[in-house]
Amino acid sequence: SRRSVYIQSTLRRQPGYRTLERDLIQLQQQKQQLFQIFVVVSLRKTSTGNAYSPEITQQFPKLFEKSSRISREAEDQLNVIPKFCFPDPQDWKPSAHTPSETFSFVLTGEDGSRWFCYCRKILPSGKGKRLPEVHCIVSKLGCFNLFAKILEEVERRREISPALVYPFMRSVMEAPFPAPGRTVTVKSFLPGSGNEVLTLCRPVDSRLEHVDFDSLLQCLTVGKLLQVFASLLLERRVIFVADKLR
């Protein structure tokens, strides 16, 4: 609570730049939703027919009130989300077996606002070779494990029927915004199982909950790691290039 009071007093003196803590304080006070947008990104053949291009094929909610500032931001972010979901569309080919994968990325606005995008890449159910699709949740809340659990439930319902995904996401959107360390329950109906209750817990501090330092130390030497850390302190641009998304 003292940290919250300190941040609020600081923002009163310097209200121009938004921070993650300021966003979370506002979300908590305004009782906002767990997420803003849920989209499905699929690969579609380009006009030449020799390559694929990612595009949004489903979206929830489908429409936004144009008068809402958050809605205008959401519309702007929709244009770039597919490229982050499939940064390598030229490498994909139809396959009968593609393992599911969970990853995330962050979109930062010019004013410092952050949109956390949590993604689950899956292979749609069916016969024969198919292209994967990405289910992406866009939220102001930075909490990887919480949304990873939601995406696993989305995949489970998607395997039964795509029609079960939207009602479930509507239940998640209507759930109250949890305080740090608190839990929230989501009720939904699943054929064959009846009404199910999903319990989601928001950790007290989720900034490093899914960080794997072992991988970082295996990929970078101590000297390179110090060089990267120094570059970040000097506010230089750092780009990591890898064969995998995580």
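Ser42 has Glu55 of strand E2 as its bridge partner. Strand E1 (residues 37-45) and E2 pair in the antiparallel sense over eight bridges, where pairing requires at least two DSSP bridges between two strands. This is a predicted model, in which local features need pLDDT of at least 70, side-chain atom pairs count only at pLDDT 80 or more, and totals for chains, interfaces and linings use all residues. Residues are numbered from 1 along each chain as its sequence is written, and side-chain values use heavy atoms, without hydrogens and water.

**Aromatic pairs**
- The whole structure holds six aromatic pairs, defined for rings of Phe, Tyr and Trp (its six-membered ring) by centres within 6.5 Å, with planes under 30 degrees apart counted as stacked, over 60 as edge-to-face and the rest as tilted.
- Phe60 and Tyr166 form a tilted pair, at 5.7 Å centre to centre and 35° between the planes.
- Phe60 lies in strand E2 (residues 52-60) and Tyr166 in helix H6 (residues 165-174), 106 residues apart; helices are DSSP H or I runs of at least four residues.
- Both Phe60 and Tyr166 are buried, meaning under 20% relative accessible area with a 1.4 Å probe, protein chains only.
- Phe86 and Trp92 form an edge-to-face pair, at 6.2 Å and 90°.
- Phe86 is buried at a relative accessible area of 1%, and Trp92 is buried at 18%.
- Ring pairs join Phe116, Tyr118, Phe144 and Phe147 into a cluster.

How values were computed: Helices (H or I, at least four residues) and strands (E, at least two) are DSSP runs, numbered from the N terminus. Buried means under 20% relative accessible area, exposed over 50%, partly exposed in between (1.4 Å probe, protein chains only).
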